[in-house]
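Here are some notes to go with the model, written for someone opening it for the first time. Keep the viewer open and follow along point by point.

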Amino acid sequence: MAKEIIEEAKKTVKKAAVAAAEAVVEKAAEAVAEVKEALEEAKAEPKAKSQEPKVQVITPEMAKIPAGPLELKWTNYKNHQKLVNPANKRRLDVIVVGTGLAGASAAASLAEMGFNVLNFCIQDSPRRAHSIAAQGGINAAKNYQNDGDSIYRLYYDTIKGGDYRAREANVYRLAEVSNSIIDQCVAQGVPFAREYGGLLDNRSFGGAQVSRTFYAKGQTGQQLLLGAYSALSRQIGKGKVKMYTRYEMLDIVMIADENGEKRARGIIARNLVTGRIERFFAHAVVVGSGGYGNTFFLSTNAMASNGSAAMQMYRHGALFANPCYAQIHPTCIPKHGDFQSKLTLMSESLRNDGRIWVPKKLEDAKRLQAGEIKGRDIPEEDRDYYLERRYPAFGNLVPRDVASRAAKERCDKGYGVNNTGLAVFLDFSDAIQRLGKDVVAQKYGNLFQMYEKIVDEDPYENPMMIFPAIHYTMGGIWVDYELQTTVKGLFCIGEANFSDHGANRLGASALMQGLADGYFVLPYTIQNYLSDQIGVPRMSTDLPEFAAAEKAVQDKIDKLMAIQGKRSVDSIHKELGLIMWDFVGMGRTAEGLKEGIKKIDAIKKEFWTNVYIPGTADHLNNELEKALRLADFIEIGRLMAVDALHREESCGGHFREEYQTPEGEALRQDDKFSYVGCWKYMGEDQEPQLVKEPLDYEFTERKTRNYKS
Ligand SMILES: Cc1cc2nc3c(=O)[nH]c(=O)nc-3n(C[C@H](O)[C@H](O)[C@H](O)COP(=O)(O)OP(=O)(O)OC[C@H]3O[C@@H](n4cnc5c(N)ncnc54)[C@H](O)[C@@H]3O)c2cc1C
């Protein structure tokens, strides 16, 4: 018995020893695993990277690019898109924000088709949209000059001009519909310039070796807008368009459908005269609100041009594409003082006959700067026609980005003219000798007159002075092939979208794109969306979504009005503009952009704590309007800087000084940056998230741009 007890005790001790040993081994294993994990964490970087949010990618299917050969994509699309029958069109409402060339042409076309249109603009007449300022002309591939033009050539020049950063399918469609635009406008009575034989005349613009620019003296935008306006007025008269002038959209109303997907179903707008905030419903919202160049304060844009509509779309989930692509135009009247609030463009058409030069000798430049001599006093042999010298094939008609950088290079080296040294000459003496003063006056008379009024110097006698200035924004709201944003039912057209111009727009192509979008693209593509909405009844603007959107707008206005600080809106905007020009302007560096972002953040703080808005919000208040727009310009400025910082290459208007050839030309990095850089809103004061749409060039060989030979 005692023996059995001893055996049992031995077994128990053995079991306990094994269990204890196992526990020790287990603990040791855990410890080893922990150490391993710690070691891996210590090696860290790869793990940290994997925790970064994944960059999302937009595929061609998501961008709705039709399959098939380039030249058949648009035809195929039109042959297969869904249509809305006439009876159903009458039951559908569309809001169009904007009455520039894009908005007016879209509103008139949609109404003509039978939809009910509500059209909004800030100005007191649709005719006062910024498009009216366009001077030089509109491109089309008519080949009236028999100089070798074709749809393909217009496509190719646009793709190349944009430094291979545009979507092939869109650009081809743009070139394809360009000829219809001219026919449409002629039918409306737009008085394009004609040759003696009666054919429409053409002139040349930058980035092309053919003459394909149709024009109406130096007032092309005005005449085209009058054409679109007459089409619009006809529809207003017929009751198909309800026009809301002096109304500013302040937000978009989103309502979820039966699947929980949010769709644009209306807008909140402020009546700028009474200050009243009002609600509007529609089955779809189209925004043609123009570009955001005024972020820079001084620009060639109209004073009311703004980026707020774009920011409203962005905050609701529409992607903001390529915000850093801004165009600096080489032929603007130089800035002349600190109290200036506007810059004036001298049309690119002037480069057809005007020759650009600076003195060859530094001492001549100094005497010009000191006002001791005039441009005409410098003999021919002492003039440096630097564009003709550097780019013999295109000469004075190189694209805008190239011409602007070349001017800056000369001025930076000390050869600039004007009392500031920040200008170059645009000289017509050759043309006057060759063609006679009368012919030059016929072609450009109003531009010469405008120059004389502003500068107080006769450009027939002494060369004009010009300098680069912010003019156009290629970046904008991302849209698919149908011009729909990433938000269902929300479309974006004209300069406001990220458009077809890649990293640099060619002259006379903005009017073409705005009218292509409004007259010939959107009227087709929007039906593909609206055909699924025919069963959706008109919604009451009493819905909670409308009430909430209106309240948010009211709260923002109240917050601004309550600040009552010490600084005027313009003084803060001017400061932002200087930061943009210095750090996010013609030449950008990583260091400068980082510094710029810090400064913009500081401006934002200053604005929200120290802006002063006089008066009240319940009637006309220009300062309040400007403050609301400035709040968004500050956000756009930051987004531009963030985008410019991430794009470590130079392309088109985006020039990162770290990426240039030994001759100072832009150096693309196709292997890394051949994509549309889109930014997704992640919340107030949160960093935006990058989304990429790869640009796989299927039909065109990407080359280094060459305007020399
Ligand atoms: C001086 C100058 C000359 C130019 N010359 C040429 C040229 O010769 N050829 C060429 O191709 N391009 C030219 N351009 C570029 C071209 O004029 C523009 O890109 C084009 O006109 C933009 O048209 P849009 O319809 O997109 O916008 P815009 O004409 O800017 O119209 C925007 C509309 O949106 C409205 N809007 C904006 N925000 C709101 C809001 N929140 N609520 C309600 N309404 C709103 C405005 O009231 C306006 O009606 C020139 C530009 C400038 C600055």
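Predicted model: local features only at pLDDT ≥ 70, side-chain atom pairs only at ≥ 80, totals over all residues.

1. Residues are numbered from 1 along each chain as its sequence is written, and side-chain values use heavy atoms, with hydrogens and water left out.

2. On a 1 Å grid over the protein atoms alone, a cavity is a set of points where a 1.4 Å probe fits but cannot get out, a pocket is an open set with protein on both sides within 12 Å along at least five of seven lines, and lining residues have an atom within 4 Å of a point. Points are joined across faces, edges and corners, and a volume is the space filled by probe spheres set on them. The whole structure has four cavities of 30 Å³ or more.

3. The largest cavity comes to about 60 Å³. Look for I328, D401, S404, R405, M586, G653 and F655 around it; α12 supplies the largest share of that lining, three residues. For residue classes, Ala, Val, Leu, Ile, Met, Phe, Trp, Tyr, Cys and Pro count as nonpolar, Asp, Glu, Lys and Arg as charged, and the others, Gly among them, as polar. The lining splits into three nonpolar, two polar and two charged residues.

4. The second largest pocket holds about 820 Å³. Its lining has 33 residues, with L298, P334, K335, L422 and F467 the closest to the centre. Two or more lining residues come from each of α12 (400-412), α14 (437-455), β16 (464-473) and α17 (569-583). By class, you get 18 nonpolar, eight polar and seven charged.

5. Follow α17 on to α18 (residues 590-610): their axes come within 9 Å and cross at roughly 175 degrees. Axes are lines fitted to C-alpha atoms, for helices over the stretch in contact, and angles run from 0 to 180 degrees between N-to-C directions. So α17 is roughly antiparallel to α18, a label for angles over 145 degrees. Where do they touch? Contact (heavy atoms within 4.5 Å) involves residues including I572 and F583 of α17, and L593 and F607 of α18.

Methods: Helix = DSSP H or I, 4+ residues; strand = E, 2+ residues; numbered from the N terminus. Parallel < 35°, antiparallel > 145°, perpendicular 65-115°, else oblique.
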